[in-house]
Amino acid sequence: MKHARLLALLAGLALATGVHAGAADQVRATHAWIRVLPGALPAGGYVTLENHGDQPVALTGARSTAYAEVMLHHSSTEGGVSRMAMVDSLSIPAHGTAVLAPGGYHLMLMKPAAAVLPGHQVQLQLQFDDGSSLPVDFLARPANALGDEAPAPAHSGH
Amino acid sequence: MKSPRTRLAALLALLVAGVLLAGCHGATSLPFRLTDLTGHMPQLEFNLTSDENKPVSAADYRGKVVLLFFGYTHCPDVCPLTMAQLHVVMNKLGAQADGARILFVSVDPTRDTPAVLHGYVNAFDKRAVGLTGTPRAVEALVKRYRSAFTREPSGKDGNYEVSHSSAIYVFDRDGNPRVLYTPADKQDDLVHDLQLLLDQGEPT
């Protein structure tokens, strides 16, 4: 019965995390969209995050039932070479904004559970460093979409 | 009387001059806004497989202005952004765009089969062609234009990224390299330079 107790405990913890009011409450998400690529190719997720709180908040990633894997990534072009790197977190300053946009920070969405097509709404749970999460609906756009008003990519040190 | 050897040398010199002139014929100086590559790099040459699973070479694209771009389909951010921008450029060219082709060369031929590439390039622009081939054939083309790519170490799930040059090489209708477009350049400058090349008309 040890097993059942452990499960109950884990369920309780999961519940506590879900209910947790924290960073997620201070953050407003806009311009959330996904660039959909054909087949099961990984897609890029983009969103603008405004922190209305007095404390900085850090985005650590996202989860979704629509994709088996989601990673926070950063693209850079230095010395004429494009590369992509995983990042642990993206800080959103107090009363500031962080932009995930093409050519910079993005959520890499992998292994779709079912085909995501342009026009679909896909919900992602954005995860913050204090354990809170924010559900955001992302609009799936076609591969050759230029973006959602294409805000300038955030340039940061890493 | 000249010796046969002298005559042969003269003939060869004439031939060489002819070849040089022919080479210059398609590469008359144009007022480009982007970095001018004219005369600095070799003519377009490759033997690869198209997204329609057909063997193709550079000769198949003579008569077209070619935009050569190295990328891979498992790149969710920068490659689709570049392809989406090139689609905008093609649209700005209007009917003239039919004289141009975007050649998307995969630097990840292991995963990028012709079928994967076919769906990919057509999601961006109907004038885009996906090219793949043996790692050796791809590398030969990459090296020909002093470009580079590096496969990054695989993650725990076997997934991996490929770092690659972000530049786009533009060739005239005769396959001569003419300008280089980088993400730092203005999109309208690319449109301008492509118009110059497309105005040159079909090669004689």
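Which residue in strand 8 of chain B is the bridge partner of Val81(A)? In this predicted model, in which local features need pLDDT of at least 70, side-chain atom pairs count only at pLDDT 80 or more, and totals for chains, interfaces and linings use all residues, the partner is Ser165(B). Residues are numbered from 1 along each chain as its sequence is written, while chains are lettered from A and ligands numbered from 1 in the order in which they are written.

The bridge belongs to a pairing between strand 5 of chain A and strand 8 (residues 162–165) of chain B, antiparallel and with two bridges. Strands (E, at least two residues) and helices (H or I, at least four) are DSSP runs numbered from the N terminus, and two strands pair if DSSP finds at least two bridges between them. The contact between the chains takes 25 residues from chain A and 25 residues from chain B, two residues being in contact if their C-beta atoms, placed from the backbone, lie within 7 Å. On the side of chain A that touches chain B, strand 2 (43–51), strand 4 (67–78), strand 5 (81–86) and strand 8 (105–112) of chain A each supply at least two residues. The largest share, four residues, comes from strand 5 of chain A.

The mean for chain A is 85, and 80% of its residues reach 70 or more. Values stay under 50 over residues 15–20 of chain A, for which the model has three contacts beyond four places in sequence. Residues 150–158 of chain A likewise stay under 50, with 14 such contacts.

In chain B, eight strands form an open sheet of mixed pairing in the order 1-10-9-4-5-6-2-3. Strand 1 (35–36) and strand 3 (55–57) of chain B stand at the edges with a single partner strand each, so one side of each is left without a neighbour in the sheet. Strand 4 (residues 65–71) and strand 5 (residues 100–106) of chain B run parallel and are joined by seven bridges; Phe69(B) stands opposite Phe104(B) in strand 5 of chain B.

Helix 2 (residues 78–93) and helix 5 (residues 187–199) of chain B pack with their axes 10 Å apart, at an angle of about 50°. Axes are lines fitted to C-alpha atoms, for helices over the stretch in contact, and angles run from 0 to 180 degrees between N-to-C directions. Residues of helix 2 of chain B in this contact include Val88(B) and Val89(B), and those of helix 5 of chain B include Leu190(B) and Leu194(B).

Notes:
pLDDT = per-residue confidence, 0-100.
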